[in-house]
Amino acid sequence: MDLIQNCKIEIEKLKNDKQFANNRKKYITKSKEALFWLFRLIILIGICYVILGPLIGIVSSSFFSDSDFANKLVYIIPQNPTMERYRLAWLRLDYLKTLGNSLAYVLSLMVIQVVICSMVGYGFARFNFPFKKLLFGLVIVMIVIPTHTVILPIYVTFQKFNPLGLFSMLTGKVPNYLGTVKPMFIMTLFGCGLRSGLYIYIFNQFFRGLPKEIEEAAFVDGAGMWYTYFRIMLVNAIPSVLTVAIFSLVWQYNDTFFGNLFNISPNIVISRKITTLQQTIANVDRIMTPAIARLYLYAGIVLVILPVVIVYVLLQKRFIEGVERSGIVG
Amino acid sequence: MKKKKKLTLSRKRAIVGLLFISPWLIGFILFYLRSLIMTIRFGMSVATIEDGGVGYTLTYTGLANFKELFTSHPTFKQVLTSSMLDMVVDIPLIIFFSIFVALLLNKKFKGRTFVRAVFFLPVILNSEAIQQAIALSTQLMGGGIASAPDEIVSATSTGVNIEYYLRLFSDIAIPDAVFLYIIGAVSRLSSIITASGVQIIIFIAALQAVPSSLYEVAKIEGATGYETFWKVTLPMIMPLILTNIVYTVVDNFANSDVVQLSYNTIFMTKNYGLGSLMSLISMIVVCLFLIIVCGTISKKTFYYN
């Protein structure tokens with residue numbers, strides 16, 4: 001009886017003890033936080049593994065030697081790592097030359113893309129002209145329509161490239177641009193390149209967010225509209241220029257769709273060359289086991305994605321910030 | 001010179017504006033508008049290739065292609081419905097998943113930059129060849145590297161009896177439709193994760209744009225975290241849900257089976273009329289889908305400004 005009485009008194013004491021209550025609250029919030037932390041950790045690690053797992057697999061198996069490959073106990077970490085896969089993939093891809101060509105192609109397209117799309121975006125953002133809303137609606141339509149719907153006519157157009165009969169009038173013959181890089185340059189120059197609609201949209205949103213006072217000041221000081229655009233607005237748009245530049249660079253580099261459509265030489269578009277690497281190695285170097293030929297393909301893929309990954313890692317922070325700040329979020 | 005003086009400033013600006021957009025305008029008319037019209041023409045006729053494969057002649061056949069597509073083509077209807085259904089299933093999953101991850105990543109913690117970089121990686125590595133290799137490698141990692149030589153042994157070799165777990169869940173009276181949806185979601189987990197890179201970044205940006213005063217008010221009024229999410233966070237990021245849905249649909253459709261089918265019909269079997277019609281019809285279906293979805297959602301969207 002006495003014991004119970006004591007206990008009751010103790011409990012009463014504890015109930016009135018502010019210090020205890022405070023501590024209890026603190027512990028509860030702390031453990032809640034810890035649980036949340038654990039939850040987040042588990043989920044994020046899981047998701048990161050889903051993304052990184054296959055990449056780890058590709059990188060590690062590109063170092064596998066034949067014996068490692070045959071040994072079923074070897075998982076991820078090769079026992080006798082070899083660089084042989086890289087040597088042959090490097091050779092068959094003609095790596096440096098193809099990469100150089102590819103980069104030149106992609107970079108020049110990127111510059112055109114940035115200049116043209118920013119111009120169009122600026123035009124939509126700052127000037128009033130008849131049918132503006134309708135025309136901007138067409139930009140949205142361009143984003144939504146998949147290029148696949150219009151591939152055939154575009155293919156035919158470049159097979160006999162003769163807009164308004166200009167070419168046949170001037171030179172007397174109709175050129176066939178398939179198999180060259182010209183179609184891609186022409187399309188990009190006229191704002192219809194790979195995902196140009198999206199870039200126009202990004203620039204438009206960004207320019208709309210800039211204060212009008214900058215331009216008015218320039219205008220009062222006597223700058224023309226073109227001067228204002230090139231020397232003032234474009235400089236202010238650096239974040240979205242950067243975003244579009246990297247997007248354009250990476251997507252163009254990875255693009256096989258237009259490359260296949262226009263039949264651009266694989267020596268210029270490295271992402272086309274990689275698709276045939278496994279066959280090339282199987283046939284030229286007489287590696288008949290498809291699974292082993294695939295190891296060479298993995299090495300080739302590591303070589304191909306390396307430049308992209310390097311660019312991404314270097315610019316990653318600015319890139320993601322750019323996406324966040326620039327137009328997409330509007 | 002006199003004529004030029006008559007132009008008012010607004011007229012002048014209109015002309016300069018048109019000049020600014022002129023490259024795109026010409027391109028759009030030359031490549032897109034013309035091509036769309038040509039696609040419709042192709043779809044309504046039979047194209048025969050002339051010698052050498054350079055030219056073609058069109059014979060107008062009216063709606064014959066249309067009829068063929070819907071009555072006698074072996075796969076089109078199935079492929080169309082299945083890819084549309086896939087889209088309908090995938091979009092809510094991708095949107096919910098990216099909101100969820102964006103909420104997780106929104107708070108500051110150690111290694112956040114790294115995690116964000118990883119999430120964005122699939123957007124960077126979206127080349128076709130790389131995707132295929134990654135898909136293969138996923139199997140490889142799932143079944144252990146040893147399963148590579150004998151390709152028959154794929155994901156099933158992990159030793160987990162999936163059947164057992166499935167039966168376990170169906171025993172606790174979850175409605176079949178929900179149950180199937182969950183199974184679908186889990187089995188697509190990897191593709192959903194890789195498809196939501198851009199969406200996550202957009203949502204993170206949206207979350208950071210929510211004024212902190214709103215959260216303070218909610219806290220002072222005594223709202224719980226749950227309530228705060230539904231009453232403050234969600235309405236504030238609603239406009240971007242719309243953006244994300246449009247982006248997801250476009251992205252998803254470009255890689256869907258029906259597009260692949262039309263591409264193959266055009267370039268492999270050289271049936272230009274049929275292939276053009278396929279791409280046209282699928283495009284119209286997707287546009288209708290977008291209009292319906294955007295229409296319903298934008299009615300419920302709350303715009304802060």
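Among contacts in chain B between residues at least 6 apart in sequence, 66% join residues at least 24 apart. This is a predicted model. Chain B contains 14 helices and 2 strands. It has 305 residues, and 43% of them count as buried. The accessible surface of chain B is about 16,900 Å². Carbon and sulfur atoms account for 66% of that surface.

Now take the interface. On one side, 92 residues of chain B make contact; on the other, 95 residues of chain A do. Together the two chains bury about 8,600 Å² between them. Carbon and sulfur atoms give 80% of this buried area. Which residues of chain B lose the most area to chain A? They are B:Phe20, B:Trp24 and B:Tyr32. Together these three supply 10% of what the chain B side buries.

Polar contacts do occur: 4 residue pairs across the interface meet the rule, with both residues at pLDDT 80 or more. Helix 2 of chain B, residues 9–43, gives the most to the side that touches chain A, with 24 residues. By residue class, the chain B side divides into 67 nonpolar, 17 polar and 8 charged.

Is B:Phe20 buried or exposed? It is buried, with a relative accessible area of 0%. Its partners, leaving out residues up to four places away in sequence, are A:Met119, A:Val120, A:Tyr122, A:Gly123, A:Phe127, A:Met225, A:Trp226 and A:Tyr229. B:Phe20 can also be placed relative to B:Leu280 within its own chain. The two are 260 residues apart in sequence. In space, their C-alpha atoms are 31 Å apart.

Next, a residue in another helix of chain B. B:Thr248 sits in helix 12, which spans residues 225–254. B:Thr248 counts as buried because its relative accessibility is 2%, and the cut-off for buried is under 20%. A polar atom of its side chain lies 2.5 Å from the backbone oxygen of B:Asn244. Beyond its neighbours within four places in sequence, B:Thr248 is in contact with B:Ile91, B:Ile94, B:Ile95 and B:Gln199.

Now to the salt bridges. Three of them, described here, are in chain A. Start with A:Arg85 and A:Asp66, whose closest N and O atoms are 2.6 Å apart. A:Arg85 lies in helix 4 (residues 84–93) of chain A, and A:Asp66 lies in helix 3 (residues 66–70), so the pair ties together parts that are 19 residues apart in sequence. A:Arg85 is buried at 2% relative accessibility, whereas A:Asp66 is partly exposed at 46%.

A:Glu84 pairs with A:Arg87, with the closest N and O atoms 3.3 Å apart. How many residues separate A:Glu84 and A:Arg87? They are 3 residues apart, about one turn of the helix. Both count as partly exposed: A:Glu84 has a relative accessibility of 30%, and A:Arg87 has a relative accessible area of 48%.

A further bridge joins A:Arg92 to A:Asp285, at 2.9 Å from N to O. Why does this pair tie together parts of chain A that are 193 residues apart in sequence? A:Arg92 lies in helix 4, while A:Asp285 lies in the loop between helix 16 (277–284) and helix 17 (290–325). A:Arg92 is partly exposed at 26% relative accessibility. A:Asp285 is partly exposed too, with a relative accessible area of 22%.

Conventions: Residues numbered from 1 in each chain as written. Chains lettered and ligands numbered in written order. Predicted model: local features only at pLDDT ≥ 70, side-chain atom pairs only at ≥ 80, totals over all residues. Heavy atoms only, no water. Contact = heavy atoms within 4.5 Å. Buried area = accessible area lost by both parts, 1.4 Å probe. Polar contact = N/O pair within 3.5 Å; in protein donor to acceptor, adjacent residues only side chain to side chain. Helix = DSSP H or I, 4+ residues; strand = E, 2+ residues; numbered from the N terminus. Nonpolar A, V, L, I, M, F, W, Y, C, P; charged D, E, K, R; others polar. Buried < 20%, exposed > 50% of the residue type's maximum accessible area, 1.4 Å probe, protein only. Areas by Shrake-Rupley, 256 points an atom, 1.4 Å probe, with all protein chains shown as cover. Salt bridge = Lys/Arg side-chain N within 4 Å of Asp/Glu carboxyl O.
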